[in-house]
Amino acid sequence: MNSAELRRVPPLGWLAAGLLAQKLLPGRRPTWTSLGLAGMLGSGCLGLLVWAVTVFRRHETTVDPLAPERASRLVSDGPFRATRNPMYVAMAGVLVAHATIRRSLAGFIPATGFALLINKAQIEAEERAMAANFGPEWDQYVATTPRWLSLQSLTYRNSSACSAP
C-alpha cells in the first residue's frame with residue numbers, strides 16, 4: 001500500500017461531504033412530487049446498501065473499504081451480479097435523491113463529483129487489491145460485471161457465471 005492509499009478518506013466521509021456541499025448550493029423548497037421521487041430513490045438506494053453489506057457479512061469477508069486486501073472472498077452474488085460496487089452506486093443514488101428533494105440542478109454536481117472521486121480514489125485501489133487476491137477469478141468477474149451499472153447488467157444473467165461458492 002502506498003502513502004496515497006494510506007490517506008484515503010472513507011467513502012462515507014465523501015458521501016457526507018457531498019451532502020454538505022449540496023446543502024450549501026442553491027435549492028428550492030421540496031414539492032410532494034420531489035419528496036415522493038426522492039423518497040423512492042433514497043429508499044431503494046439505502047436498501048441496496050444494506051443488501052450489499054448483508055451479502056458481504058454472509059460471506060464473512062471484510063466490509064472495510066480502507067483495507068480491501070483483507071477480503072477473504074470474491075463476492076459476486078446478490079447485488080454484486082449487477083455491479084461490482086453496489087455500495088458506491090447506492091451512495092451516489094443517495095446524493096441524487098438529495099438533489100432531487102431539493103429540486104437543485106446544482107445539487108447534481110456533488111453527486112457527479114462523488115462518483116468521479118470514488119472511482120479514482122477508492123475503486124481503483126480496491127480493484128488492485130482484488131486482482132492481487134483473486135487473480136483469474138477476479139479477471140472473469142471484471143469481464144462479466146460492470147464497475148457501476150449498465151442496462152445489460154440489470155437484465156438476467158446466467159447464475160452459474162462467476163457465482164460465489
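Reply: Pockets are found on a 1 Å grid over the protein atoms alone: a cavity is a set of points where a 1.4 Å probe fits but cannot get out, while a pocket is an open set with protein on both sides within 12 Å along at least five of seven lines; lining residues have an atom within 4 Å of a point. Grid points are joined across faces, edges and corners, and a volume is the space filled by probe spheres set on the points. Here the largest pocket holds about 510 Å³ of space. Its lining has 28 residues, and F56, V63, M87, Y88 and E126 are the closest to the centre.

Me: What kind of model is this, and how are its residues numbered?

Reply: The model is predicted, so local features need pLDDT of at least 70 and side-chain atom pairs count only at pLDDT 80 or more, while totals for chains, interfaces and linings use all residues. Residues are numbered from 1 along each chain as its sequence is written, and side-chain values use heavy atoms, with hydrogens and water left out.

Me: How many helices and strands does the protein have?

Reply: Helices (H or I, at least four residues) and strands (E, at least two) are DSSP runs, numbered from the N terminus. This protein has 5 helices and 0 strands, in the order α-α-α-α-α.

Me: Which helix gives the most to the lining of the largest pocket?

Reply: That is α5, with 6 residues. Helices α2 (11-24), α3 (32-58), α4 (86-101) and α5 (108-144) each supply at least two lining residues. For classes, Ala, Val, Leu, Ile, Met, Phe, Trp, Tyr, Cys and Pro count as nonpolar, Asp, Glu, Lys and Arg as charged, and the others, Gly among them, as polar. By that scheme the lining has 21 nonpolar, 2 polar and 5 charged residues.

Me: Is R84 buried or exposed?

Reply: Buried means under 20% relative accessible area, exposed over 50%, and partly exposed in between (1.4 Å probe, protein chains only). R84, in the loop between α3 and α4, has a relative accessible area of 12%, so it is buried. Of the 165 residues of the protein, 39% count as buried.

Me: What does R84 touch?

Reply: Contact means heavy atoms within 4.5 Å. Not counting residues up to four places away in sequence, R84 touches E127, W138, Y141, V142, T145, P146 and R147. A polar contact is a pair of N or O atoms within 3.5 Å; within protein, one must be able to donate a hydrogen and the other to accept it, and residues adjacent in sequence count only if both atoms are side-chain atoms. The side chains of R84 and E127 make one of 2.8 Å.

Me: Which backbone atoms does the side chain of S34 reach?

Reply: S34 lies in helix α3. The S34 side chain reaches the backbone nitrogen of T31 at 2.8 Å and the backbone oxygen of I101 at 3.4 Å. S34 is buried because its relative accessible area is 5%.

Me: How is a phi angle read?

Reply: Most residues other than glycine have a negative phi. E60, in the loop between α3 and α4, has a positive phi of about 55 degrees although it is not a glycine. R103, in the loop between α4 and α5, also has a positive phi, of about 50 degrees. E60 is exposed at 68% relative accessible area, whereas R103 is partly exposed at 29%.
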